[in-house]
Amino acid sequence: MKEVILSADSESTVYSVPDAVADDLRRYCIEFCDSWLHNSPDAEKYRRGGCVCYTEADFIAYLNQYVFPQEKSVKVKNLGWIGQRSELPAEYAGCPYFNF
């Protein structure tokens, strides 16, 4: 498991995710928001009036239920509002980051 930082135009949160996700974070995030949310019948609850509404926590739930059910991703720490990547605490500066 590796740490990544996720946000949805809000507070940034550190999550521990499977290595494969951390190593290719952008691909997993784009697959979730551009494919799964729009096409899976299981994602119906996120579709509202022609658009989708979700947060990074929904991405983590998707990973845990559909992609890596045997390697559960967990929340590690809320970092609060981070305006620029350069504002990340030094200990997380090298973590993969994705903002939905």
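**The sheet and its surroundings**

Mentor: Let's start with a helix: α3 lies across β1 and β2, and its direction is at about 10 degrees to that of β2. Keep in mind that this is a predicted model. The sheet itself is open and has four strands, in the order β5-β2-β1-β6, with mixed pairing. At the edges you'll find β5 (74-80) and β6 (97-99); each has a single partner strand, so one side of each is left without a neighbour in the sheet. On average, neighbouring strands here are turned by 25 degrees against each other, ignoring direction.

Now zoom in on one pairing. β2 and β5 run antiparallel and pair over five bridges, and Ser16 has Val74 in β5 as its bridge partner. Another helix, α2, packs on the sheet too, touching β1 and β6, and its direction makes about 25 degrees with that of β6.

What about the nonpolar side chains? The largest nonpolar core has 23 residues, and those with the most contacts inside it are Leu6, Phe59, Leu63 and Phe100. β1 (2-7), β2 (12-17), α1 (19-23), α2 (25-39) and α3 (56-67) each give two or more residues to this core, with the largest share, seven residues, coming from α2. Phe100 touches, among others, Leu6, Cys29, Phe32 and Phe59. There's also a second, separate core of seven residues, including Ile5, Val14, Ile82 and Tyr92.

Back on α3, have a look at Asn64. Asn64 is buried, at 14% relative accessible area, and its side chain reaches the backbone nitrogen of Ser73 at 2.6 Å.

Note on methods. Residues numbered from 1 in each chain as written. Predicted model: local features only at pLDDT ≥ 70, side-chain atom pairs only at ≥ 80, totals over all residues. Heavy atoms only, no water. Core = buried A, V, L, I, M, F, W, Y, C linked by side-chain atoms within 4.5 Å. Buried < 20%, exposed > 50% of the residue type's maximum accessible area, 1.4 Å probe, protein only. Contact = heavy atoms within 4.5 Å. Polar contact = N/O pair within 3.5 Å; in protein donor to acceptor, adjacent residues only side chain to side chain. Pairing = 2+ DSSP bridges. Axes fitted to C-alpha atoms, helices over the stretch in contact; angles between N-to-C directions. Lists of a residue's contacts leave out its neighbours within four places in sequence.
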